[in-house]
Amino acid sequence: MRAVQRRIGHEAARGAALSYPPPAGGGRNGAVENDSPGAERFISRSLASVPASGIRKFFDLLSTIDDVISLGVGEPDYVTPEPIRRAALESIEKGETHYTSNYGLLELREALSEEIETLYGVSYDPATEIVVTSGSSEAFDIALRSLIDDGDEVLCPDPSYVAYEPAVIMAKGRFRPVPTTAEHEFRLLASDVSERVTEQTKALLFGYPANPTGATMDRASLEAVAEVAAANDLAVISDELYARLTYEGEHTCFSSIEGMRDRTILIGGFSKTYAMTGWRIGWLAAPAPLAEAAMKVHQYVMMSAPTAAQYAALAALRQGESFVQEMLAEYDRRRRLMVDGLHAVGLPAFRPRGAFYAFPDIRPTGLDSTTFSERLLAEERVAVVPGSAFGACGEGFVRACYASGYEQIERALERIGRFVQRNR
Ligand SMILES: Cc1ncc(COP(=O)(O)O)c(C=O)c1O
């Protein structure tokens, strides 16, 4: 099997080493200097209420320090496999440089429809029920904007992906976190969802396998959530970006659960499965009226997803499987190293069954997650992300991404071990 090419010098290209903490005004990617005091008055109140990303601040800091082992960034260390890159280049050389249909290339939608049907047994009409988007990020943004009226509530697991809350707020909805805990391996419990439903609740938004916890949901747990959705007539946005990165158990597609297809906007993408984060390509699938509504937003804000990326995505579906299997096996090897290593250094971590994140409990050190992450970075030059960046229930944990080299993870674990030893 062809070896998957690794990213070279992933962390090597960081900016020149500066002092820690970074100088005022930020480093290369630091906080923007305010040369125009007062200009903020023009910014909308609703945007001003969106919290700045805890992750972004952390990476700004990280970019100012040399020789850091980063377990922080949530993206594959692999370069996009060669046949996928070649397909994009060929499309450009052939002059395929125009907009596509707003829904996306029909050939790609047909291939997606076939893939979803083969993997999960749910069928979507490629002509009317699939929209190709600029990353799954755009997919959940337009899904929310097409469902939410001012003040509608959206229930979402806490902790969860950093962009969900801002996306809900920017759609003028109200974000309502549903706590999840390590005790239940960060699964969303139907009873917790049910307790938080109000007259204003319009939708549920969740993503399993999960960022930042690596949690997965078994079919029975999803069925219980489905019952709550049906009983309260909720729409569901199911972000299944990490579906193919499932190491234990089978992934259950939410819309494959009886009665759920008609109320679900299913979301997927290429970024993680095929190491294509920079291509900005993803999709949503939904019953025709919901797909059309989301497409209406997409049409006016995006026109169509990048054309070369759509050709690359088509090649990924047609020729990418051996690469997916190869990367999956390697992530699994790293997952075991990471989880066993964290336990060995005294940080209990539940065994993540999907995605590529471990979410160790750092409470044995007595530090909160921000202090832990900042000091680990300053003292041992290992970057992890504070769990609090993903919601209040993430406090007491940090996110460590194992989509970086095996040896890097080994070295990081040694450094984390030293740090924990000093802070017991
Ligand atoms: C759960 C989840 N959804 C969506 C995204 C966005 O991915 P993209 O827009 O690259 O498809 C991410 C990225 O980390 C994620 O973790």
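**Figure 1. Packing of helices α11 and α13.** Helix α11 (residues 321–344) packs against helix α13 at an angle of about 5°, and the two axes lie 10 Å apart. Angles under 35 degrees count as roughly parallel, and α11 is therefore described as roughly parallel to α13. On the α11 side, the contact is made by Glu-330, Arg-333, Arg-334, Leu-337, Met-338, Gly-341 and Leu-342. The partners in α13 are Tyr-406, Ile-409, Glu-410 and Leu-413. By type, the residues of this contact divide into six nonpolar, one polar and four charged. As in every view of this series, the structure shown is a predicted model.

**Figure 2. Gly-417 in helix α13.** Helix α13 spans residues 406–422, and Gly-417 lies within this helix. Is Gly-417 buried or exposed? With a relative accessible area of 13%, Gly-417 is buried, because buried means under 20%. Leu-241 stands 176 residues from Gly-417 along the chain, and the C-alpha atoms of the two residues are separated by 32 Å.

**Figure 3. Crossing of helices α3 and α10.** Two packed helices are described by the angle between their axes and the distance between the axes. The axes of helix α3 (residues 82–93) and helix α10 (residues 307–319) come within 8 Å and cross at roughly 140°. Helices α3 and α10 are therefore oblique to each other. The crossing in which α3 passes α10 is right-handed. From α3, the residues Pro-83, Ile-84, Ala-87, Ala-88, Ser-91 and Ile-92 take part in the contact. They meet Ala-308, Tyr-311, Ala-312, Ala-315, Ala-316 and Gln-319 in α10. The residues of the contact of α3 with α10 comprise 10 nonpolar, two polar and no charged.

Figure 4. Strands of a sheet pair through backbone hydrogen bonds, either parallel or antiparallel. Here seven strands form an open sheet with mixed pairing, in the order β2-β8-β7-β6-β5-β3-β4. Which strands form the edges? The edge strands are β2 (130–133) and β4 (174–179), each of which pairs on one side only. From one strand to the next, the twist averages 20°. Helix α4 (residues 106–120) packs on the sheet, where α4 touches β2, β7 (264–269) and β8 (282–285). The direction of α4 makes about 115° with that of β2.

**Figure 5. Pairing of strands β3 and β4.** Strand β3 (residues 153–158) pairs with β4 in the parallel sense, and the pairing extends over six bridges. Within this pair, Arg-174 in β4 stands opposite Glu-153.

Figure 6. Thr-133 stands opposite Gly-282 in β8, and Val-131 stands opposite Leu-284. The pairing of β7 with β8 is also in the antiparallel sense, over four bridges. On this side, Ile-267 stands opposite Leu-284 in β8.

**Figure 7. The covered faces of strands β2 and β8.** Both faces of β2 are covered. Ile-130 and Val-132 are buried on one side, while Val-131 and Thr-133 are buried on the other. Strand β8 is likewise covered on both faces. Gly-282 and Leu-284 lie on one side of β8 and Trp-283 and Ala-285 on the other, and all of these residues are buried.

Terms used. Residues numbered from 1 in each chain as written. Predicted model: local features only at pLDDT ≥ 70, side-chain atom pairs only at ≥ 80, totals over all residues. Heavy atoms only, no water. Pairing = 2+ DSSP bridges. Helix = DSSP H or I, 4+ residues; strand = E, 2+ residues; numbered from the N terminus. Axes fitted to C-alpha atoms, helices over the stretch in contact; angles between N-to-C directions. Contact = heavy atoms within 4.5 Å. Parallel < 35°, antiparallel > 145°, perpendicular 65-115°, else oblique. Left-handed = near helix turned anticlockwise from the far one by under 90°. Nonpolar A, V, L, I, M, F, W, Y, C, P; charged D, E, K, R; others polar. Buried < 20%, exposed > 50% of the residue type's maximum accessible area, 1.4 Å probe, protein only.
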